[in-house]
Amino acid sequence: MAQAQGFGRRYIKAFFKGFFVAVPVTVTFLDRVACVARVEGASMQPSLNPGGRQASDVVLLNHWSIRNYDVQRGDIVSLVLDCFCVLEWLIAS
């Protein structure tokens, strides 16, 4: 019985150590490097979300290249307005 309690304490201790390391690393990654967004609606068709309202695509938004102003014509950019993320094609150069 005492051995089971020792195992449980070690398990909980290891869990919290991993948790307190993983959460800041994940938040930093999603804020500084890249994050995942879902594309809904018809504005990006036919390249993204070809199924219309029945399906939605998932895209990876690269935060790293925007820090170096490495955007070009034809890229897709995202704008965050309040709680909504808007994806649009970059047409002008």
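**Exercise 1. Is F20 buried or exposed, and at what relative accessibility?**

Solution. One thing to keep in mind throughout: this is a predicted model.

Step 1: find the residue. F20 sits in helix α1.

Step 2: look up the relative accessibility, which is 56% for F20.

Step 3: apply the cut-off. Exposed means over 50%, so F20 counts as exposed at 56%.

**Exercise 2. Work out how the ring of F20 is arranged against those of F19 and F16.**

Solution. A pair of aromatic rings is described by the distance of the centres and the angle of the planes.

Step 1: start with F19 and F20. Their ring centres are 5.5 Å apart and the planes meet at 75°. Edge-to-face calls for planes over 60 degrees apart, so the F19 and F20 pair is edge-to-face.

Step 2: get an overview before moving on. Searching the whole structure turns up 4 aromatic pairs.

Step 3: now take F16 and F20. Here the centres lie 6.1 Å apart with the planes at 25°, so this pair is stacked. The cut-off for stacked is under 30 degrees.

Step 4: zoom out. F15, F16, F19 and F20 make one aromatic cluster.

**Exercise 3. Which residues form the nonpolar surface patch of about 830 Å²?**

Solution. F16 has a relative accessible area of 40%, so it is partly exposed. F19 also comes out as partly exposed, with a relative accessible area of 40%.

Step 1: list the members. The patch is made by Y11, I12, F15, F16, F19, F20, V23 and V27.

Step 2: The protein chain exposes about 8000 Å², with carbon and sulfur atoms supplying 62% of it.

**Exercise 4. Which residues make up the largest nonpolar core, and which strand gives the largest share?**

Solution. Step 1: get the layout of the chain. It has 2 helices and 4 strands, and from the N terminus on the order is α-β-β-α-β-β.

Step 1: name the core. Its 7 residues are C35, A37, V39, M44, L48, V59 and L61.

Step 2: compare with the whole chain. Of its 93 residues, 13% are buried.

**Exercise 5. Where is S56 found, and what is S56 in contact with beyond its neighbours within four places in sequence?**

Solution. Step 1: locate S56. It lies in the loop between β1 (34-39) and β2 (57-62).

Step 1: classify it. The relative accessibility is 33%, so S56 counts as partly exposed.

Step 2: list the contacts. With neighbours within four places set aside, S56 touches R38, V39, E40 and N49.

Step 3: pick one partner and compare sequence with space. S56 and R38 are 18 residues apart in sequence, yet 6.5 Å apart from C-alpha to C-alpha.

Step 4: finish with the chain as a whole. Taking contacts between residues at least 6 apart in sequence, 40% join residues at least 24 apart.

Technical notes. Residues are numbered from 1 along each chain as its sequence is written. This is a predicted model: local features need pLDDT of at least 70, side-chain atom pairs count only at pLDDT 80 or more; totals for chains, interfaces and linings use all residues. Side-chain values use heavy atoms; hydrogens and water are left out. Buried means under 20% relative accessible area, exposed over 50%, partly exposed in between (1.4 Å probe, protein chains only). Contact means heavy atoms within 4.5 Å. Rings of Phe, Tyr and Trp (its six-membered ring) pair if their centres lie within 6.5 Å; planes under 30 degrees apart count as stacked, over 60 as edge-to-face and the rest as tilted. A nonpolar core is a set of buried Ala, Val, Leu, Ile, Met, Phe, Trp, Tyr and Cys residues joined through side-chain atoms within 4.5 Å. Accessible areas come from the Shrake-Rupley method with a 1.4 Å probe; for residues, only the protein chains shown count as cover. Patches are made of residues with over 30% relative accessible area and no salt bridge: like charges are joined within 9 Å, nonpolar side chains (Val, Leu, Ile, Met, Phe, Trp, Tyr) within 5 Å. A salt bridge is a side-chain nitrogen of Lys or Arg within 4 Å of a carboxyl oxygen of Asp or Glu.
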